[in-house]
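Hi,

Here is the structure I promised to pass on. Have a look at it first, and then read my notes below.

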Amino acid sequence: MSEPIKTDVLIIGAGPVGLFAVFELGLLDIKTHLVDILDKPGGQCGELYPEKPIYDIPGIPMVTGQGLTDALLEQIKPFNPQFHFGEMITSIENIGDPLFLVSTDADKTFECKAIVIAAGGGSFQPKRPPIAGIEAYEEKSVFYAVRKMDVFKGKNLLVVGGGDSALDWTLNLQPIAKRLTLLHRRDEFRGAPDSVNKMRALVSSGALDLKIGQVAGLEGAEGVLQAATIKEKDGATSRVEVDCMLPFFGLTMKLGPVADWSLKMKDDLIEVDVSTFETNRPGIFAIGDINTYPGKLKLILSGFHEGALMAQKAHHYVHPEKRLVFQYTTSSTSLQKKLGVA
Amino acid sequence: MPKITFIEHDGTVHTVEAELDRSVMESALRHGVSSIVAECGGGCTCATCHVYVDEAWMEKVGKPSPSEEEELDAAFEVRENSRLSCQIKVTPELDGLIVRTPSYQGR
């Protein structure tokens, strides 16, 4: 394991609330790194509703999920936050008073004085098809992402789904696979038209098998897949020899490892002190949809407010020697300097 | 108010009073039908409010829109009578509607 990355505050989750926390902390001279399991910033705004309009952000009559994300990134630019995408926090260890050693599933570690959990509905994880016994094959024969293409060389592959991930991986893996079958529930694909055309051309030339239906069952032993039973749309059942299956049904939110961090929880939400948004573990804060307190509303604007109050207490841990003077961005030259406007 | 009956896969039956012009998904959430998840809150972007419309009601409820049909690609065990309940608007004609939830969803 490499040397820990040292930072003042580690923010878990790069959705709107995590992004705005960078701003509030930055104004108080607190440096931040952010970790997110997705491959881009925005959280639910970017993943679930990038194109959908949001009407309840104060002062902005209408903005899309992606528009809000872009505006927040612009707003926090002066503070130069460091992003770590596609990683999930696995453990948090107290190594000081408070000082934390935080590890990710990519074997990265962070040393920080405070932690802000802005994880929304938890972590986005691939949807698992409800097929009996599928868990036993995961990471051996069933994969929800492609890390190394070599794994699939010379294998019989079954790609399931009708979106861009299914189509892209069909096109990328077909040349190296022994045989690739693409399975989708209907003979229409929502992926990019160009990919759909390429896929259809491969089917016409006989280089690719396309089946319309759904997986009904898996055959194999000890994690090694041998075949899949497919229930086709016309009612027929067929059997395909399969070494590896790649299902692409999008993402779903799971609470994930948050539950293992000795935090006081209620209904899968983290309980916080409403004056500081600190959890029962000193130095660990929770803001946005992941927290709960009397009267809590799951609104983006509530998460922004929570971030501002959190920063006041975080300052106490990060700069214990400094007295915090409350200032306004409209009048404080020192804040304006930090924002690069004075 | 129209009545809607939700039959969950474990057999739990909820017959609820549904508010007009709101979605069937919203009625489910308000009345604690826990196999309707609705992660995205009604945006037709998560496919976690999947229901099977009772055969007798399929015509009155109607077919999914093209965008709903696309989002159903992210659901499992999709059948002819599959709909996303956030996209079914409660109208007086739907009084008595029966929907069932798929076994994999929620809980």
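A definition before anything else: two residues are in contact if their C-beta atoms, placed from the backbone, lie within 7 Å. Please also keep in mind that this is a predicted model.

With that in hand, take B:Glu77. Leaving aside its neighbours within four places in sequence, B:Glu77 touches A:Pro130 and A:Gln214 in chain A, plus B:Pro102 and B:Tyr104 in its own chain. You'll find B:Glu77 in the loop between helix H3 (66–71) and strand E4 (82–84) of chain B. As for B:Glu55, it is 22 residues away from B:Glu77 in sequence and 16 Å away in space, C-alpha to C-alpha.

Now the interface as a whole. On the chain A side, 17 residues are in contact with 14 residues of chain B. Sorted by class, that side of chain A has 6 nonpolar, 7 polar and 4 charged residues.

Next, a helix pair in chain A. Helix H1 (residues 16–27) packs with helix H3 (residues 65–76) at an angle of about 20°, and their axes are 9 Å apart. Because of that angle, H1(A) is roughly parallel to H3(A). The crossing of H1(A) past H3(A) is left-handed. H1(A) brings A:Pro16, A:Leu19, A:Phe20, A:Val22, A:Phe23 and A:Gly26 to the contact, while H3(A) brings A:Leu68, A:Thr69, A:Leu72, A:Leu73, A:Gln75 and A:Ile76. Of these residues, 9 are nonpolar, 3 are polar and none is charged.

On to the strands of chain A. In strand E2 (residues 32–36), 5 of the 5 residues are buried, so E2(A) is largely enclosed by the rest of the structure. A:Thr32, A:Leu34 and A:Asp36 point one way from E2(A), and A:His33 and A:Val35 point the other way. Strand E1 (residues 5–12) of chain A runs parallel to E2(A), joined by 4 bridges. Across that pairing, A:Ile11 stands opposite A:Leu34.

Further along chain A there is an open sheet of 3 strands, in the order E17-E18-E20 and with mixed pairing. Its edge strands are E17 (265–266) and E20 (291–292), each of which pairs on one side only. E17(A) pairs with E18 (residues 269–271) in the antiparallel sense over 2 bridges, and A:Lys266 stands opposite A:Leu269 in E18(A).

Cheers

Key. Residues are numbered from 1 along each chain as its sequence is written. Chains are lettered from A and ligands numbered from 1 in the order in which they are written. This is a predicted model: local features need pLDDT of at least 70, side-chain atom pairs count only at pLDDT 80 or more; totals for chains, interfaces and linings use all residues. Ala, Val, Leu, Ile, Met, Phe, Trp, Tyr, Cys and Pro count as nonpolar, Asp, Glu, Lys and Arg as charged, and the others, Gly among them, as polar. Two strands pair if DSSP finds at least two bridges between them. Axes are lines fitted to C-alpha atoms, for helices over the stretch in contact, and angles run from 0 to 180 degrees between N-to-C directions. Angles under 35 degrees count as roughly parallel, over 145 as roughly antiparallel, 65 to 115 as roughly perpendicular and the rest as oblique. A crossing is left-handed if the near helix is turned anticlockwise from the far one by less than a right angle, and right-handed if clockwise. A residue is buried if 20 or more other C-beta atoms lie within 10 Å of its own, exposed if 12 or fewer, and partly exposed in between; C-beta atoms are placed from the backbone.
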